[in-house]
Amino acid sequence: MLDWSHCPAVERSPDKVSGAWVFKNTRVPVAALFENIESGARVSEFLEWFPGVTRAQVDAVLEQAAQSLVSA
């Protein structure tokens, strides 16, 4: 499991989306990005569908995921 606590683009609160990791200042779960990509969506489409999420946040999340593979 990824440790999202080191990614500045995300946050988690028990009061928000049942404590799931979400993009900071949104209610969009980080998992939604990966689910959409797995379903064939492009990042540009994801950003269009979830306007509260920024490209910088998506890039930071993808970088965090990539770094977890290197250190695994």
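This is a predicted model: local features need pLDDT of at least 70, side-chain atom pairs count only at pLDDT 80 or more; totals for chains, interfaces and linings use all residues.
**Exercise 1. The surroundings of T26**

Work out whether T26 is buried or exposed, and what its side chain and its contacts look like.

*Solution.* First place the residue: T26 sits in the loop between β2 (22-23) and α1. Its relative accessibility is 8%, and the cut-off for buried is under 20%, so T26 counts as buried. Now turn to the side chain, where a polar atom of T26 lies 2.7 Å from the backbone oxygen of F23. Beyond neighbours within four places in sequence, T26 contacts E11, K16, G52 and V53. Finally, follow V53: leaving out residues up to four places away in sequence, V53 touches F23, T26, V28, F46, L47 and V58.

**Exercise 2. Two helices that meet**

Describe how α1 and α3 are arranged and which residues meet.

*Solution.* Begin with the axes of α1 and α3, which come within 11 Å and cross at roughly 80°. That angle falls in the range 65 to 115 degrees, so α1 and α3 are roughly perpendicular to each other. Then list the residues: V30, L33, F34 and I37 of α1 meet V58, V61, L62 and A65 of α3. Sorting this contact by residue type gives 8 nonpolar, no polar and no charged.

Technical notes. Residues are numbered from 1 along each chain as its sequence is written. Side-chain values use heavy atoms; hydrogens and water are left out. Contact means heavy atoms within 4.5 Å. Helices (H or I, at least four residues) and strands (E, at least two) are DSSP runs, numbered from the N terminus. Buried means under 20% relative accessible area, exposed over 50%, partly exposed in between (1.4 Å probe, protein chains only). A polar contact is a pair of N or O atoms within 3.5 Å; within protein, one must be able to donate a hydrogen and the other to accept it, and residues adjacent in sequence count only if both atoms are side-chain atoms. Axes are lines fitted to C-alpha atoms, for helices over the stretch in contact, and angles run from 0 to 180 degrees between N-to-C directions. Angles under 35 degrees count as roughly parallel, over 145 as roughly antiparallel, 65 to 115 as roughly perpendicular and the rest as oblique. Ala, Val, Leu, Ile, Met, Phe, Trp, Tyr, Cys and Pro count as nonpolar, Asp, Glu, Lys and Arg as charged, and the others, Gly among them, as polar.
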